[in-house]
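Biologist: I am new to this model and would like to learn how to read its features one at a time. Could we look at it together?

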Protein chains: 2
Amino acid sequence: MGITKKELFTSEQNELASVAKALAHPARIAIIQHMIQSKTCINSDLVQELGLAQATISQHLRELKDLQIIQGNIEGVSMCYCINPEKWNEIRGLMNALFDAYPLSNCC
Amino acid sequence: MGITKKELFTSEQNELASVAKALAHPARIAIIQHMIQSKTCINSDLVQELGLAQATISQHLRELKDLQIIQGNIEGVSMCYCINPEKWNEIRGLMNALFDAYPLSNCC
DNA sequence: TAAATACATTGCAATATTACGATATATAAT
DNA sequence: ATTATATATCGTAATATTGCAATGTATTTA
């Protein structure tokens with residue numbers, strides 16, 4: 001098959017999985033980290049920084065943008081991408097809820 | 001291509017991405033949540049609970065086990081899977097480090 | 001020992017992801 | 001207007017993931 005059976009799961013479970021999938025590539029982690037550090041972020045910077053082709057980086061940026069994890073403004077010729085604070089907080093909350101649900105000592 | 005160029009990234013970035021990938025499926029989220037709640041976990045329970053085929057669940061369990069997120073003990077005929085507390089803490093730390101690096105107000 | 005139970009593994013089809021060259025688009029500078 | 005720069009999109013090849021039937025393996029019960 002190859003297609004995830006999302007209808008079997010709750011929307012929270014699907015949402016968590018989607019967010020995790022967005023983070024499930026080192027290039028996207030690197031993009032996010034770079035965006036956090038440099039406060040502003042341009043595609044052409046990342047091509048130098050990461051060593052992936054421009055088309056590839058553009059594709060990774062789009063995945064993050066589709067999930068609204070980042071947002072982009074046109075800045076003359078280039079783009080200014082940055083993290084969406086509201087979404088970032090939402091994601092953090094979802095992840096924390098998952099991690100904090102575990103009492104740390106229920107192993108069999 | 002289809003193959004991730006891990007050599008371009010730091011081991012921390014690759015580790016974070018691997019962990020995120022393990023969580024990037026609603027069935028694996030559901031498995032983990034079920035494991036947290038029931039304190040002990042058996043494959044045949046999950047087949048009832050999740051509505052996926054036994055082989056599929058076994059495969060998801062293996063992915064989580066390969067990353068040492070869960071561990072399994074043989075309990076007679078059945079298996080007792082549970083979360084690995086050390087790894088869980090490690091993952092939580094990695095994720096928190098990522099989330100906390102963002103000052104929440106650096107949007108352009 | 002034979003049958004039943006509980007997983008694990010194999011093999012395969014359908015679909016998704018990753019990567020990139022080529023090309024399109026849009027703004028800036030000359 | 002033309003050219004340069006920056007990014008997006010398209011098309012495609014290589015690989016990975018998802019899901020499951022069929023089968024294998026190991027333990028328990030009859």
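Predicted model: local features only at pLDDT ≥ 70, side-chain atom pairs only at ≥ 80, totals over all residues.

Biologist: Which residues of H1(A) are buried, and what do they pack against?

Modeller: An α-helix has 3.6 residues a turn, so residues three or four places apart point the same way. A residue is called buried if 20 or more other C-beta atoms lie within 10 Å of its own, exposed if 12 or fewer, and partly exposed in between, with C-beta atoms placed from the backbone. In H1(A) the buried residues are A:Gln13, A:Leu16, A:Ala17, A:Val19, A:Ala20 and A:Ala22. They pack against H2, H4 and H5 of chain A, and also against H1 and H2 of chain B.

Biologist: How many residues of chain A are in contact with chain B, and which element gives the largest share?

Modeller: Two residues are in contact if their C-beta atoms, placed from the backbone, lie within 7 Å. By that rule 39 residues of chain A are in contact with 39 residues of chain B, and H1(A) supplies the largest share of the chain A side, 6 residues. That side divides into 25 nonpolar, 9 polar and 5 charged residues, where Ala, Val, Leu, Ile, Met, Phe, Trp, Tyr, Cys and Pro count as nonpolar, Asp, Glu, Lys and Arg as charged, and the others, Gly among them, as polar.

Biologist: At what angle do H2 and H4 of chain A pack?

Modeller: Two packed helices are described by the angle between their axes and the distance between the axes. Here the axes are lines fitted to C-alpha atoms, for helices over the stretch in contact, and angles run from 0 to 180 degrees between N-to-C directions. H2(A) and H4(A) pack at an angle of about 75°, with their axes 10 Å apart, and they are therefore roughly perpendicular, a label for angles of 65 to 115 degrees. The contact involves A:Ala27, A:Arg28 and A:Ile31 of H2(A), together with A:His60, A:Leu61, A:Glu63 and A:Leu64 of H4(A).

Biologist: How many residues surround DNA strand D, and which element gives the most?

Modeller: A residue is near a strand if its C-beta atom, placed from the backbone, lies within 6 Å of it. DNA strand D is surrounded by 31 residues, and among the closest are A:Ser44 and B:Gly2; H4(A) gives the most, with 6 residues. Around DNA strand C there are 30 residues, and there H4(B) gives the most, with 6 residues.

Biologist: What is the phi of A:Gln68, and where is this residue placed?

Modeller: Most residues other than glycine have a negative phi. A:Gln68, however, has a positive phi near 65°, and its place is in the loop between H4 and E1 of chain A. B:Gln68 also has a positive phi, of about 65°.

Conventions: Residues numbered from 1 in each chain as written. Chains lettered and ligands numbered in written order. Helix = DSSP H or I, 4+ residues; strand = E, 2+ residues; numbered from the N terminus. Parallel < 35°, antiparallel > 145°, perpendicular 65-115°, else oblique.
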